[in-house]
Amino acid sequence: MSSTLTRAKTPAAASTTPARARSSIARTPRTFYWMVVPAVVIFFGLHTIPVLSGMFFSLTNYAGYGTWDLVGFSNYINLFQDDRVLNSYGFTFGFAIVSTLLVNVIALAIALGLNSKIKFQAAFRGVFFIPYVLAILIIGYVFNYLFANSFPAIFTALGLPGLSGNLLASPDFAWIGIVITTVWQAAAFNVILYLAGLQTISADLYEAAAIDGASGWRRFRSITFPLIGAYFTINMVLSFKSFLQVFDQIVALTAGGPGTSTESIALVIFRGGFQGGEYGYQMANAVVYLFVIIIVSFLQLRILQRREASFS
Amino acid sequence: MTDTLTQTSAPLPDSPDAPTRAPRTRRRLDGGNGGTNWWLTILIAVCSLTVLIPLYFTVVTALKTPDQLGGTGFELPTSIRWENFADAYQLTNFPRALMNTALITVGAVFLTLLTNSLVAYAIARNMHKKFFKGLYFYFLAAIFVPFPIIMLPVVKETALLGLDTPVGLILLYTVYGLSFNIFIFVAYINSIPVELEEAARLDGASTWMVFWRVIFPLLSPMNATVGILTCVWAWNDFLLPLVVLSDPTAQTLPLAQFIFQGQFNTNYPVAFASYLMALAPLLVVYVIAQKWVVSGVTRGSVK
């Protein structure tokens, strides 16, 4: 068994003792292969096969049951003429962009506050992190009631009848309610990540900047922000990607309404695919969606990574 | 927010005899913090209310009778109706949903920790080989695949394979978490010196034994991180149980809320009692293990 050392440490020695080296190369990796092969097979079966079969069915008129025929790219062509689908892309992107910016700005601000000299730091940190462990679906139900009943009552009492309607009942503004709920829940996780980033910055840098007479904003712009650049990149990419998949809170808040004004891409795929007999068609939608997410993620990574800095 | 940083600068050397007495006085005043920023503390406290108020609202609404619901809803209940919880308990079949969710979550966490770390170990230690490097990128690429593209086909597949059950869900969480978990496990394993394993191998340990006896215990910090992330995900997930589970008796907590909402949407206090009961288990765990949870998630991000 100790012969594995020959492999790891002295590859040159292998040529001098070919027999031993060969036996170790044959034996040790086999264990490593056994460690990964079952996982690869199951992963391929439950992840890659669904993706591939979905891509295949996007070229058919399969309804989810019964027989089907190959129809070429007609599903894809129809997608671009389908107002409901186009509307869902518009809504999802608008929602994801606004939510990503708000979540990151708010989370970064809270993290900066938590990272400075305040009292009860640990307690506040504990409070801001609570929403992370709460199911967004259930939070959605609570906010649904708040938007429908409590906020209108408060605005009426404040003498602002213009705001006393149910936000979620307005086709133009319902998305704001979804953004508020999402930001409330998602900021928690980002606060923790930013806090982790801020704690990696040495206090010496701030002291040096203070001696040079740099103002608070200047220090944030020139030290803090560049140094947590990697965290900013990761948070922007991950939150944008997860907001593009928005589903739970929409089910709880508006169910896609009023009308179809807040239907996300995931909701359209879900409804059309499971309830509307549009299996093949919605798979085409999903394939387009996949490529959109890949392109957007890579663009984000390229643009944001250029801004990062590291002092080491 | 940022101008508070000014406060952190060094104490002012205003008089020559100050240093002898000043530190003690300051320590007594602000607990040795070197200048607490009270304005910022107040600001943060006000901000934390945005988190606490909806939670307060959930609790008071769950305690009310339906006729107390008028107004803004933020008023304290005039009389408490504990039966809301009993009603919600029965209507949503709470113990069954709780058991299902707990079973799925515990199963997913255990299977994830045992398998994902093993795969990551094999990949991390053989990254110089094309096969393993290829696998690494294969798994990593899946991070960019959104769930909706898998959703429709995987439902067909799980139904076909008889995996439309809690056991199937455990397997799905383990598989779908693999991409991200491998990413953070591999980064961590790369920081563990190979010499530790070589010492064990010299003592005659096989690769399996090296993993379980040497590597797995060293992974505990990352295991905590992955365990927490998987636990929160599996416990709160809605879409996957919604589409995969076919047997109504296998309902999870979020799923039970969804169905409950559809059937009894007029009795808000009972609905809120039910929300509270669904949120409570993880909230209680979080309050007890708060420090541990926060550091666990933080560690995952530092890698």
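Residues are numbered from 1 along each chain as its sequence is written, and chains are lettered from A and ligands numbered from 1 in the order in which they are written. Since the model is predicted, local features need pLDDT of at least 70 and side-chain atom pairs count only at pLDDT 80 or more, whereas totals for chains, interfaces and linings use all residues.

Chain A contains 14 helices and 0 strands; helices (H or I, at least four residues) and strands (E, at least two) are DSSP runs, numbered from the N terminus. Read from the N terminus, the elements of chain A follow the order α-α-α-α-α-α-α-α-α-α-α-α-α-α. Of the 312 residues in chain A, 41% are buried. A residue is termed buried if 20 or more other C-beta atoms lie within 10 Å of its own, exposed if 12 or fewer, and partly exposed in between, with C-beta atoms placed from the backbone. Two residues are in contact if their C-beta atoms, placed from the backbone, lie within 7 Å. Among contacts in chain A between residues at least 6 apart in sequence, 70% join residues at least 24 apart.

The domain assignment divides chain A into domain 1 (4-57) and domain 2 (74-305); such bounds come from an automatic or database domain assignment. Taken over C-alpha atoms, the centres of domain 1 and domain 2 of chain A are separated by 40 Å. For chain B, the assignment gives domain 1 (2-81) and domain 2 (88-302). Within chain B, 9 residues of domain 1 are in contact with 7 residues of domain 2. The domain 1 side of this contact in chain B has 4 nonpolar, 3 polar and 2 charged residues. In this classification, Ala, Val, Leu, Ile, Met, Phe, Trp, Tyr, Cys and Pro count as nonpolar, Asp, Glu, Lys and Arg as charged, and the others, Gly among them, as polar.

Between the chains, 83 residues of chain B are in contact with 81 residues of chain A. Helix H2 (residues 38-63) of chain B supplies the largest share of the chain B side, 11 residues. By class, that side has 51 nonpolar, 28 polar and 4 charged residues.

In chain B, the axes of helix H3 (residues 83-91) and helix H13 (residues 268-288) come within 8 Å and cross at roughly 75°. Axes are lines fitted to C-alpha atoms, for helices over the stretch in contact, and angles run from 0 to 180 degrees between N-to-C directions. Angles under 35 degrees count as roughly parallel, over 145 as roughly antiparallel, 65 to 115 as roughly perpendicular and the rest as oblique; H3(B) and H13(B) are therefore roughly perpendicular to each other. At their contact, Asn84(B), Phe85(B), Asp87(B), Ala88(B) and Leu91(B) of H3(B) meet Pro269(B), Val270(B), Ala273(B), Ser274(B) and Met277(B) of H13(B). Val270(B) is buried, as 24 other C-beta atoms lie within 10 Å.

Most residues other than glycine have a negative phi. Ala255(A), although not a glycine, has a positive phi of about 55°. Ala255(A) lies in the loop between helix H12 (248-253) and helix H13 (265-275) of chain A, and is partly exposed, with 14 other C-beta atoms within 10 Å. Asn93(B), also not a glycine, has a positive phi of about 50°. Asn93(B) is placed in the loop between H3 and helix H4 (94-125) of chain B and is partly exposed, with 17 other C-beta atoms within 10 Å.
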